[in-house]
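Open the model in your viewer and keep the selection panel at hand.

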Amino acid sequence: MTTPTSAVPGSRGPAATAGLTAAIDIGGTKVAGALVHPDGTMTAATRRPTPRDADADADAVFAAVAEVVAELARSPLWPSVVRCGVGSAGPVNTSRGTVSPVNIGAWRDFPVQERIAAELARHGAAVPTVLAGDGVAMTAAEHWLGAARGHANALCMVVSTGVGGGLILNNQLHPGPTGNAGHIGHMSVAFDGERCVCGGHGCVESLASGTAIARWALAQGWTPAGDPTAAGVAAAAAAGDPVALAAFDRAGRALAAAIAATATLVETDIAVIGGGVAASGDTLFGPIRAHLASYATLSFVRDVQVVPALLGTHAGLIGAAAAALSLLPA
């Protein structure tokens, strides 16, 4: 499409920043791209499915990325692109420009930043390129145009199949040396908790991810009415099922403990939560806020806000662009 679409109606981005940003969002199910204007509107949005065949090697997956770049390059606005932001599922290593996404098995230490930069140059756009993990990209998006806008210190989280996040400190995106700062999903909140897939114990992700919520509810005797996922647990909780309610209370307590710990450490005053599990609304946010009162007890963290993310499906592309605007030189 060639008509700009607004990320958030009425939003204004850093208008003093000239030129367009090519944004690429890479996930386990799709690769998306768009040209993002300085006010956050998007042009020429396109997407391709991420190859998931058993025989799809690293180059086959990158071919989908190359197709997205080629589609963007056909836009009449392509000559106005001056930077590129790439958001990817992780783990990422931004110091090396590599990714090893859990949900893209063909990519291990894949040099995605270098490969995309070369693809851009092949289409006449030899522009600075930056890589960000999806949690950091979401954080950049929500601080620019979403629920964290106007907050100098914020924690943003994605609660979905896993739990990720990012930090805004002193109005600056803070990705850390390898791009993984703010990865709250692997903060331990249960000293003697179960072993997490990361190798640690009692991680937030092992208690509060959609996968963990559904697994715990099933283990406690919950009988799904068709949908055995966290969405099914949320529906059962909304209908008053005691096991489903307990599953979300357990998840909410873990998230509350992590939010309070983060706020205590770096004095964030807001936690923005997005992702599929956050779509359950008060079923998740109610327990978080209730438990937060018993964890955030010091005077300087007592008023930390917990709010839902605003950008939804736009967060990946807007976040990739916002990361580029934040991390690349003006």
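How many bridges join β2 to strand β3 (residues 42–49)? The count is 6, and the two strands run antiparallel. Strands pair if DSSP finds at least two bridges between them. Helices (H or I, at least four residues) and strands (E, at least two) are DSSP runs, numbered from the N terminus.

Before moving on, note that this is a predicted model, in which local features need pLDDT of at least 70 and side-chain atom pairs count only at pLDDT 80 or more, while totals for chains, interfaces and linings use all residues. Residues are numbered from 1 along each chain as its sequence is written, and side-chain values use heavy atoms, with hydrogens and water left out.

**Stop 1: the strands**

Stay on β2 and β3. Select Gly33: its bridge partner in β3 is Thr46.

β1 pairs with β2 in the antiparallel sense, over 6 bridges. Ile26 stands opposite Val31 in β2. This hairpin has 3 residues between its strands.

Colour β2 (residues 30–36) by accessibility. Of its 7 residues, 6 are buried. Buried means under 20% relative accessible area, exposed over 50%, partly exposed in between (1.4 Å probe, protein chains only).

**Stop 2: the rings**

Select Phe62, Trp107 and Phe110. Ring pairs link these three into a cluster. Rings of Phe, Tyr and Trp (its six-membered ring) pair if their centres lie within 6.5 Å; planes under 30 degrees apart count as stacked, over 60 as edge-to-face and the rest as tilted. The count comes to 2 aromatic pairs.

Phe62 and Phe110 are tilted, at 6.0 Å centre to centre and 45° between the planes. Phe62 lies in helix α1 (residues 58–73), Phe110 in the loop between β6 (98–99) and α2 (112–122), 48 residues apart. Trp107 and Phe110 are stacked: 4.4 Å centre to centre, 5° between the planes.

Trp107 counts as buried because its relative accessibility is 0%. Phe62 is buried at 4%, and Phe110 at 6%.

**Stop 3: a side chain in α4**

Select Ser206, in helix α4 (residues 204–208). Its relative accessible area is 5%, so Ser206 is buried.
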